[in-house]
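Hello,

Here is the structure we talked about. My notes on its salt bridges and nonpolar cores follow below.

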Amino acid sequence: MAHIKLAIITGSGLNFTNILDVYCQEKSLFDVFPEITTQIAGHKYQIIDGFIGSIPTIICSGRIHAYEGYEFEKFKSFLNYFREQGITHLISINAVGGLNKDMSVGDFVSVEKLVSVQYKPFPIPPIMYPSWVFHHYHPKGTYIWVTGPCYETQSELRLFLSMGGDVIGMSGGPELYWAMEMGIKTAMFSCVTNYCFDHSILTHEQVVANAQKACARFEQMFRNMVIKELTDI
């Protein structure tokens, strides 16, 4: 396990810094990436170096999105930072809407397939498979990636459900593409923060609040899974 170095990138309301056993250094994401100028509520925009057990780990609390206007090459620069830090394994964790009624708000889904539905064209494959899947974890599912920025209409959601989608979000595609292009073993977990076919009005504040609650319940289980997965390699 001596060659392994882990990165975890998290999104809205998802703070996993408590899983670190050793907390070495914290810096602002804006100091590392001065070209990042937008701020999304629920993102701390911090990079923390530490250890989970004996595993050197970087937790990046915050990310960039296509709906913020960032071009495709900017995602390459973002992921390249982690490669330059010697990262071998990456876990991308994001907040999503649920399409599958069997997945409850607060569930974390291990993504085994990503389907790209682009309103703003990005040169990535229409279907991608994460190169690292936690095989003993359930539920697993298919992530529909849309570029945003608007939440989808009910007609769009029914289409995505018919395509086999279990969850839908706006952050997965470019991160997964560039990380795997760089040879980083990449897994993805999605936190279901709302059920898409609930007709009540959804706000970003609700997404953040539900993600925070789910994260608090999941983080120690997740920490133990990560240690077991990487110890077995």
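**Salt bridges and cores**

D102 is exposed, at 61% relative accessibility (buried means under 20% relative accessible area, exposed over 50%, partly exposed in between; 1.4 Å probe, protein chains only). Its salt-bridge partner is K101, with the closest N and O atoms 3.8 Å apart; K101 is exposed too, at 65%.

This is a predicted model, in which local features need pLDDT of at least 70 and side-chain atom pairs count only at pLDDT 80 or more, while totals for chains, interfaces and linings use all residues. Residues are numbered from 1 along each chain as its sequence is written, and side-chain values use heavy atoms, leaving out hydrogens and water.

The whole structure has three salt bridges (a side-chain nitrogen of Lys or Arg within 4 Å of a carboxyl oxygen of Asp or Glu). E175 and R63 form one of them, at 2.6 Å from N to O. E175 lies in helix α4 and R63 in the loop between β4 and α2, so this pair links parts 112 residues apart in sequence. E175 is buried, at 1%, and R63 is buried, at 1%.

R223 and D21 form another, at 2.9 Å between the closest N and O atoms. R223 is buried at 16%, whereas D21 is partly exposed at 43%.

The largest nonpolar core has 40 residues, of which L29, F78, L79, F82 and Y143 touch the most other members (a core is a set of buried Ala, Val, Leu, Ile, Met, Phe, Trp, Tyr and Cys residues joined through side-chain atoms within 4.5 Å). A second, separate core of 28 residues includes I19, I55, I91 and V226.

Regards

Conventions: Helices (H or I, at least four residues) and strands (E, at least two) are DSSP runs, numbered from the N terminus.
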